[in-house]
Amino acid sequence: MKIVLKTISLAVALSVAAIQATAAPPAPTGLTADSSNGIVLTWNAVAEADHYEVVRRAAGGSYATIAMPAANRFADGTASLNIPYAYKVRTIDAMSTASSDSDVVIAMSASFSDDPPVPSLTAIKVAHVTQLRTSIDQLRDLAGLAPASWSSTATSGSTVKASHLTEMRTALDGARSGLSMPAASYTNTLTAGLTPIRAIDIVELRDRAVGRRGSAPGDPFWSPVAGLPAVQSILTALPNVFAGTASGVYRSANGGDSWIAVNTGLTNTNVKSLAVAADGTLFAGTAGGGVFQSLNNGDMWTLRSVTPANATTLLTTAAGVFAADGTNCSGIFLLPADGSAAVSRGSGVSGCPTALAATSTNIFAATATTGIYRSANNGQSWDNITGAITTTNIHALTVDRDNHIFAATHDAGVWRSTDEGTTWARIQNGLTPSDIRTLNAEYDGDLLAGSETSATIFRTSDNGTSWNAAGAGLPAAAQAVTALGENGRYRFAVADGRLYRSAGGFRMYGIDFGPYIGANEAPGTVLTDDQLVARMKSVQPYTKWIRNFSMVNGLEKCGRIAHALGLKAALNAYITTDAAANQREMDNLVAAALNGEADLIIIGSEALHIGVPESTLIAAINSVKQRVPGRQVATAEIYGDLLNHPNVIAAADIIMPNIYPFWESVAVDKAILRMQSARQQIVGAAGGKPVIISETGWPSDGTHAVSVPSLANAIFYFQDFQSWARANRVDAFYFAAFDEPWKSGEGDVGTHWGVWQSNQQLKSGFDAAIAGERMIDNWSGTQVVGGPGAPQISFTSVPPIGSTADLHGQVSHVAPASYRVAVYIYVGGGWWTKPTFANPTTSIDPDGTWICDITTGGNDPNATKIHAFLIASDYTPPQGNGSPSLPDLTGHEFAEVEVTR
């Protein structure tokens with residue numbers, strides 16, 4: 001018996017070993033090559049992979065291994081320029097067993113003239129044909145084929161015909177067939193003698209001949225993030241990222257490079273949902289334990305409400321926290337902002353809630369069975385607004401910065417509403433799956449959608465008009481993308497409980513595009529089309545808009561070029577006291593607008609500042625309005641001049657202030673506070689009209705008193721400004737794209753305003769800033785200064801008796817936005833309010849510092865005592881009007897300090 005058992009065991013062992021020895025892992029799928037910036041290969045991850053094997057061959061050679069990457073991405077740094085290669089990839093498992101080959105892709109790092117050709121601007125040239133023929137013949141050589149036979153010689157002065165392109169398509173397909181690749185597809189069908197040659201025809205041939213993916217800029221590549229158990233929810237809250245898991249909350253301060261568990265106080269660690277309020281308070285919804293909150297970034301949690309017990313969805317608003325139970329379907333509840341008990345807010349919503357969202361005026365709830373509901377009164381009543389949506393099974397809702405609402409459905413794709421949910425339209429062009437589980441409307445304008453069953457992600461940058469596949473790097477075996485998020489520098493996706501990360505979708509709202517970067521160039525220089533295209537391409541990956549400053553001397557083409565590069569164009573007519581020049585500027589601007597090349601129409605750039613009469617500027621604005629009916633017209637001006645000219649604000653439809661804390665001699669660490677204050681003044685004066693900051697920036701070199709120009713300060717201000725703009729949803733054009741040598745009229749800082757040098761190279765150290773790295777909130781005052789502890793106030797600089805200098809102080813262990821300082825001085829036998837009766841309290845900067853003018857009266861410098869109270873921001877303290885006794889703030893003072901001089 002023992003022998004038999006051993007024999008059976010040996011047979012089983014041999015059988016298992018044989019299976020292990022012969023069973024190969026799956027071959028990689030989805031292999032793509034992108035040669036737009038070197039050659040980069042990507043493919044779908046394989047679960048069984050220990051690593052991968054990349055093989056390559058050139059013409060006349062055989063496939064040879066060039067890399068064994070662990071990740072499903074490889075950049076071929078050994079590829080030579082203008083040499084075509086064929087690539088395949090294999091999966092290698094832990095037993096060193098190799099899969100079969102993936103499909104073949106081809107790639108070649110090649111350069112072409114007029115790349116890309118600009119529709120209606122770039123003429124199709126013979127050079128475009130000859131360059132493509134050369135590339136295609138190289139590809140045929142790689143496939144072991146003879147050069148193609150071309151019916152005519154393309155020589156200078158000859159006409160480019162449809163037959164030329166048809167021949168190239170045929171020759172290219174022959175090469176692809178020889179390399180075991182499918183024939184290529186094209187947008188336009190070409191008919192000799194009938195079909196005009198378009199820019200897209202040249203672009204597509206180039207992409208297919210050299211292996212460009214042809215996908216939109218910004219498509220992510222996803223890599224797995226280590227250090228976490230199975231993830232159920234993701235939250236990005238400046239400056240941290242939080243992951244909710246069945247084992248509690250995890251926090252990362254470095255974008256996901258490392259994680260720590262932050263579960264102190266969580267009596268239920270099955271965290272299903274996360275949210276953050278405007279004041280930084282964190283909320284965690286659990287399965288069975290209710291809702292918890294943290295006032296210190298997760299260091300300590302306290303139970304906020306046991307209702308609902310299952311909080312699968314959270315939404316923070318000014319009214320408080322809405323929590324929905326998507327497990328037991330017990331409804332929707334509001335946890336009021338004042339800390340009182342939860343109240344039911346689901347009456348009128350039938351079905352199990354799956355998602356919550358809010359615009360500036362309404363709350364929305366989605367369900368799995370009855371569609372979408374809207375409430376205009378914080379959930380006290382609801383209306384079903386499912387309308388035209390062809391299913392009532394809604395998985396997710398998201399709202400973009402324009403208050404457009406997007407709904408993800410179980411079986412009908414994605415729908416969009418631009419009118420608060422009153423009407424809906426399906427946006428499915430290019431979106432292959434109809435089962436969408438999650439959505440995320442990113443600050444910079446992109447919308448990402450994750451599939452429920454195939455672990456794919458799609459991206460749109462035009463509000464759903466068109467979609468691109470954007471799930472490269474996600475494992476092909478994964479079943480569902482359940483969460484999406486972004487923090488500017490990184491995008492995050494959860495697929496089957498695993499967290500993945502990609503380079504962020506950060507792009508500036510806009511950049512001020514001054515293109516005169518040559519040594520002998522200045523306004524008035526006529527730049528070639530090629531120069532404008534090349535310079536705009538430098539900034540194209542990092543911005544959504546460009547703004548020019550003039551519409552003559554070739555700059556009238558900026559809108560056309562911007563659109564060809566996928567950018568929006570803010571076109572600006574420069575207005576001076578020269579009426580004839582103004583007319584040329586406006587004529588060209590109107591022509592561009594009527595041709596669809598201007599997304600934003602601007603009349604004047606600091607016109608008032610250079611001496612243009614108000615009446616002239618207003619007349620120009622009104623003239624253009626009449627010539628482009630139905631379009632909004634803006635004006636750009638120094639914010640102080642706008643405030644002093646309310647008639648100009650009244651004439652414009654969009655107000656565009658130039659705000660430079662640098663020129664106001666503000667230290668760089670206080671600059672955003674000045675920016676915030678200036679913008680608030682403009683918003684108040686605009687009377688509800690849109691406000692877009694037209695210029696702000698910081699020079700990287702030169703000399704200027706308190707506002708120190710330096711590379712370090714330029715990077716700091718850029719990060720600080722972009723972080724503030726993102727957090728507050730402020731649209732702004734940053735000044736400027738390039739250093740411009742001609743700007744010597746501004747002293748030694750004038751030539752150093754660019755993010756890029758005049759050679760079009762990004763300035764050293766700007767790489768992290770331009771990639772979207774964000775700074776800690778130093779403008780809202782919602783972060784607790786000095787961490788937990790008893791509130792404190794102190795004097796940091798007390799002027800000597802007889803001085804007119806200001807009093808300086810510091811507070812600690814409070815969030816400055818929620819507090820103010822009440823200062824009193826003792827002089828002439830009594831206590832007096834400072835700075836004035838009209839302004840009886842002093843604001844506190846986000847870093848806890850404060851400054852008070854204590855010498856606003858005749859004898860004030862001789863005050864012998866100074867007393868300061870830390871009070872709540874909504875409390876009005878009693879006046880000090882000369883009484884010998886200090887005003888009584890009992891019960892309202894959180895801390896106080898006094899000094900005798």
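1. The buried residues of H8 are Leu 617, Ile 618, Ala 620, Ile 621 and Val 624. Seen down the axis of H8, these buried residues fall within an arc of 155°, so they line one face of the helix; the arc is that of the directions from the helix axis to the C-beta atoms.

2. A word on the model before going on. It is a predicted model, in which local features need pLDDT of at least 70, side-chain atom pairs count only at pLDDT 80 or more, and totals for chains, interfaces and linings use all residues. Residues are numbered from 1 along each chain as its sequence is written, and side-chain values use heavy atoms, with hydrogens and water left out.

3. What covers the buried residues of H8? The cover includes helix H7 (579-594), strand E39 (600-605), strand E40 (633-638) and helix H10 (646-651). Helices (H or I, at least four residues) and strands (E, at least two) are DSSP runs, numbered from the N terminus.

4. The length of H8 (residues 614-627) also checks out: at 1.5 Å a residue, its 14 residues should span 20 Å, and its end C-alpha atoms are 20 Å apart, which agrees. The expected span is 1.5 Å times one less than the number of residues.

5. Helix H5 (residues 529-539) has Leu 532, Val 533, Arg 535, Met 536, Ser 538 and Val 539 as its buried residues. They pack against strand E36 (508-512), strand E37 (543-547) and helix H6 (558-564), where contact means heavy atoms within 4.5 Å.

6. Strands E29, E30, E31 and E32 form an open sheet in that order, with antiparallel pairing. Its edge strands, E29 (436-441) and E32 (468-469), each pair on one side only. Two strands pair if DSSP finds at least two bridges between them; E29 and E30 (residues 447-451) have five. Ala 441 has Leu 447 in E30 as its bridge partner.

7. Now the cysteines. Taking a disulfide as a pair of cysteine sulfur atoms within 2.5 Å, the count comes to one. It joins Cys 329 to Cys 352, S to S 2.2 Å. The torsion about this S-S bond is about -90°, so the disulfide is left-handed. Cys 329 is partly exposed, at 39% relative accessible area, whereas Cys 352 is buried at 14%.

Conventions:
Buried < 20%, exposed > 50% of the residue type's maximum accessible area, 1.4 Å probe, protein only.
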